[in-house]
Amino acid sequence: MADGLFFLTAAAADSVRAYGEFPIIGARAAVWIAAEVHLMFAAFVLGVPMFAVVAEAIGIFGKEARYDRLAKEFTRLLLVAYSATAIWGAILVFFLATLYPRFWAYLTAVFAASMWVYAGLFFFESFTLYLYYYGWDRWKYGRAKLVHWTLGILLNVWGTIVMLIANSWLTYMMTPPRDITSTTDPSSIKLWHAIANATWMPINVHRLIANVVFGGAIVAAYASYRFLAAQNDEERAHYDWMGYVGNFIAISALIVLPFAGYWLGREVYQYDQSMGITMMGGFMSWLWVIQAFLIAVLFLAGNYYLWIGMGRIPGAERFRPYIKYLLTVLVLGAIVWGTPHTMIADSKELAAMGGSHHPLLGALGVMSAKNTAVNLMILTTFLSFLMYRRGNKELVVPWAETGTRIQTAMFVIAAGIVLFYGIRGYFVEAIVRIGFSVYQVLAVLSCILFVTVIDVLMARGAKSVGEIQWGKMPPRSQYALFILAVTFTWLMGLMGFARSGIRQYWHVWQVMEDTSKYAATPALGYASQMISLCVLIFLGLVAFVFWLGGLAEKSTFVSSGEGGGRHVGH
Amino acid sequence: MTRSPNLRRYLDHPFWQALGLLVLAYLVIVYGVPLLPGSSLVPSSVVLQYMVTVLVGVLIYVSDNDERWALFKQPLVAMLVEQRLRLVRILVLAVVTLLVGWVTFGQVRTTVAAPPNLRSIHPAPPAEVTFRGKTMTLTGLENPLRQQPESLAAFTAYGKEIYYQNCLPCHGDHLDGLGHFAAGFNPLPANFQDNGTIAQLTESFVFWRVAKGGPGLPREGTPWNSAMPRWEDFLTERQIWAVILFLYDQTGWKPRTWEKAEGGAK
C-alpha cells in the first residue's frame, strides 16, 4: 500500500509540467493541426522550387521564354506560401514547448545542434528565395541569368537540407536506434547516431518525391482557378497550359512514389515487425482501403483530364475509340484495389460469409491482386499520356509502323508479366510472393522507359496535324485538377497519420512513453475528421494566399502582343 | 435478330447506356457474384463501394468529350424543362424525394441488429511474450522441432494427437474452421485451409496466437470476438509447436519465413 502510494506520488511529481492543456480541442488536436498544416505548406514550398528551377533551365537552355515566365509564376506562389509555412512552424514549436514540455526537452537534448543548423538554413533559404524572386527581372540576360538560376539551385539545396534535418527528428521518434532505451541519457546520444536511424533515408526519398507531386497538384489547382476566372482567351490559354504542366509534373512523380513508399514500409517491418503489422494488417489497415480508393480517384481524375484535353488537340480524335477500354481497365483496377481483405459486414452478412473474409472476393484483398491492379493502372495511365502526346503528330520516320508495333509488344509483355506474377503469387509462399512485386514493378518501369525512348525517336521531324488549341477546355476539366489537389492533400494527411499513429502510446518508440491523457491512439473516425479539418484549413489558407498574391501583383501572363500568349508545345 | 430502330436509338444514347451499365453492374455484384462457385453474398458496404466506383467510371465515360456529354444531358434537361414531360418530371421528383426520405429513415431508425463489424484479422504480435514465466522473443523465432528433421514425422503425429484432443471441436476434422461447435461462434473459428490464415504467417505468430488465445489479443483493434482459450494454461510449449507442425503438414501450406535481417533490424 505504502509502495503503491509512493509510486503514485512519484508518478504525479514526474508528470508535473510534463504536459500542458489547450482549451476546447485539447493538446493533441492542437499539435496535430499545427504539425499537419505546417507540413502541407512545407511540402508545397519544397516541391515548387524543384520544378521552378527546371522550368527556368528549359527557358534558358531551350530558349523558350514562356517557361521562364512559368518558373517566375511558380516562384510568386512560393513567396506568399513561404511565410505561411514559417508561421505554422512557429505555432508548432510553441505548442510543443508549452503542451508537451517534457517530450520537447528530450528532443532538444538529443537534437539541439541540428536545430541551430536548421534555424540558420531557414535564414539562408528565406533570403535566397527573396533574391531569386525579386532579382528575376534584374538578372534576366547573359551571365547574370545563370547566376540567377544558380540561386534557384541553392534554394533547393537549402530547402532539401532543412527537410532532411526535420525528417531526422520525426523518424527518430518512430525508429530510434536499438541501443537507445528509456534509461539512456538523451544528452549522451551522438547526434549522427540519432539522425541516421532506420527510416530516415526512406522518408527523405519518399517525401522528396511526394513534395514534387504535391507542389505540381497545387500549382495545377491554382492554374485551374485562374483559368476559370480568366477574362480573355489568351489568359485562358496560358492557364490551361500551366495547369497541364502542373498536372504532368504531379502525375509523372506520382508513378514512382509507390516504390519509395514500399521501401519505407519494408524498413518499418525490418525495424519492428509488430509496428509493421499494426500499420498494414492491424487496425491501421483500414486506412489503406481508403488510400486505395483515393489513389484510384487520382488515376481516374488524371486520365480524365488527359482525355478531355485530347479535345483541344487536332488529330487526337483518332484515339478516342480506345478510351473506353482504358477506362474499363482503370475501373476494374480501382475495384480490385479497393476490395478490403476483411469486410465491414453486419452479423447476418458475417454469418453468410462464414466470417469477415469473403470466400471469393477475399482473394482480391491480398497484395498479389492489389499489386497487379495498380501496375496495370500505371501502364494504362502511361498509355493515355502516349496517345495524348501523339495526338497532333503525324510520324514521318520510315520505321514508324514497326516502332509502334514494338511499343505495342512492350505493353503486352509488361502487362503479361504483371498478370503472370499476380496470379502466380496465389500459389507460392509469402516470402516468395513479396519478391514478385519487384518483377512486376521492373516490367512496368522498363516498359515506360523503353517505350518513351522509342516514342521520342519516332517523333523526330513529325508533321503537325494542327497546333494544340490551348484554352479550349471545358470547365469540368478544371474541376478534375481541383479534385487531384484535394485528394493529394487528403492522402498526405491520412498516410502521415498512419505513419505517426503506429507509434501508439510512445512519443519515442519504446524509449519515451506518452503518459498524457491523449496517449491512446485515436479512433479512425476521429482521425479522419481531424485530417479533413487540416485539409480544409490548408486549402482555405492556400486559397486566401493565392487571392492575396493576385491582389498584390498582376500575373506574369504576357499577351500575344508581347510575343508569347499562345502556347503550342507539350 | 435485328434490333428495332427505337431500341437501337436507346442503346446508342449515352444516357441510356449509362443507366444500363449501372443496372447491369448492380445485378452482377448483388446477384451474379453470389452465384459463382464457392462464393457468397456481397456485404452491402462492398456493394456500395463497387457501385460508387462504377458510377464514377460511367460519369467519366459520358463526359470525356463534349459531344457525348451534350447528348447525355439532353434527356435530363428535357425532363426538367419540357412541358410535354410534365408528368415524368413530377414522377421523378417524387421518386427522388421519397428515395432520400427512405435512405434517411434507414439511417435513423432503431434496429436490434448488431452494428457492422470493423474487425482486423491480423493483430500485431508483441516483440516478446512470457510463456509460463519464460520470456520468448517472437521476432526471428523458429519452430524448435524443425531442428530435428529425423523426428519430424513423430512430432507431426504427436501434433495430430494434440489437435484431435483439443482443437477438433472448433477447427474441424478438415481444419477448415467447421468443427461441430463452429455454428455457435460468430465469427467462425479460423479456417487453416484458407490461404489468408496460417499460409500468411510465421510459426512464431501462430505460436503466440495459440498460446495466448482470445484473452491475449492486443488492446488495439478490439473487439476481437475470439473465443479461443489461452492454451498455455493447458498445453506445454512442445505440444503447441507440435500442433503447429501438424497444421502446416496437413494443409500443405508452408510457414512464412523470416527475411535475412540487415543492420538496424531488431
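Biologist: How do the axes of α8(A) and α16(A) cross, and at roughly what angle?

Modeller: This is a predicted model, just so you know. In chain A, helix α8 (residues 233–271) and helix α16 (residues 475–501) have axes that come within 11 Å and cross at roughly 40°.

Biologist: Which hand does the crossing of α8(A) and α16(A) have?

Modeller: The α8(A)/α16(A) crossing is left-handed.

Biologist: And which residues in α8(A) and α16(A) meet?

Modeller: From α8(A) you get Asp240(A), Gly243(A), Asn247(A), Ala250(A), Ile251(A) and Leu254(A), and they meet Gln478(A), Leu481(A), Leu484(A) and Phe488(A) from α16(A). By class, the residues of that contact divide into 6 nonpolar, 3 polar and 1 charged.

Biologist: OK, what about α3(A) against α8(A): at roughly what angle do the axes cross?

Modeller: Helix α3 of chain A, residues 65–99, and α8(A) have axes that cross at roughly 75° and come within 12 Å. An angle from 65 to 115 degrees counts as roughly perpendicular, so that is the label for α3(A) and α8(A).

Biologist: Which residues in α8(A) meet α3(A)?

Modeller: His238(A), Tyr239(A), Trp241(A), Met242(A) and Val245(A). On the α3(A) side, they meet Arg66(A), Tyr67(A), Leu70(A), Glu73(A), Phe74(A) and Leu77(A).

Biologist: Now α2(A) and α4(A). How do their axes cross?

Modeller: At roughly 45°, with the axes of α2 (residues 27–61) and α4 (residues 101–134) of chain A coming within 13 Å. α2(A) and α4(A) are therefore oblique to each other, and their crossing is left-handed.

Biologist: Which residues in α2(A) and α4(A) meet there?

Modeller: His38(A), Leu46(A), Ala52(A), Val53(A) and Glu56(A) on α2(A) meet Tyr118(A), Glu125(A) and Tyr132(A) on α4(A). That contact has 5 nonpolar, 1 polar and 2 charged residues.

Biologist: Switching to chain B. What does its domain assignment give?

Modeller: Domain 1 covers 5–108 and domain 2 covers 128–251. The C-alpha centres of those two domains of chain B lie 48 Å apart.

Biologist: Last topic, rings. How many aromatic pairs are there over all chains?

Modeller: The search of the whole structure finds 46. Take Phe207(B) and Trp241(B): their ring centres are 4.4 Å apart and their planes sit at 20°, so the pair is stacked.

Biologist: Where in chain B do Phe207(B) and Trp241(B) sit?

Modeller: Phe207(B) is in helix α8 of chain B (residues 203–212), and Trp241(B) is in helix α9 of chain B (residues 237–251). They are 34 residues apart, and the pair links distant parts of the chain.

Note on methods: Residues are numbered from 1 along each chain as its sequence is written. Chains are lettered from A and ligands numbered from 1 in the order in which they are written. This is a predicted model: local features need pLDDT of at least 70, side-chain atom pairs count only at pLDDT 80 or more; totals for chains, interfaces and linings use all residues. Side-chain values use heavy atoms; hydrogens and water are left out. Axes are lines fitted to C-alpha atoms, for helices over the stretch in contact, and angles run from 0 to 180 degrees between N-to-C directions. Helices (H or I, at least four residues) and strands (E, at least two) are DSSP runs, numbered from the N terminus. Angles under 35 degrees count as roughly parallel, over 145 as roughly antiparallel, 65 to 115 as roughly perpendicular and the rest as oblique. A crossing is left-handed if the near helix is turned anticlockwise from the far one by less than a right angle, and right-handed if clockwise. Contact means heavy atoms within 4.5 Å. Ala, Val, Leu, Ile, Met, Phe, Trp, Tyr, Cys and Pro count as nonpolar, Asp, Glu, Lys and Arg as charged, and the others, Gly among them, as polar. Domain bounds come from an automatic or database domain assignment. Rings of Phe, Tyr and Trp (its six-membered ring) pair if their centres lie within 6.5 Å; planes under 30 degrees apart count as stacked, over 60 as edge-to-face and the rest as tilted.
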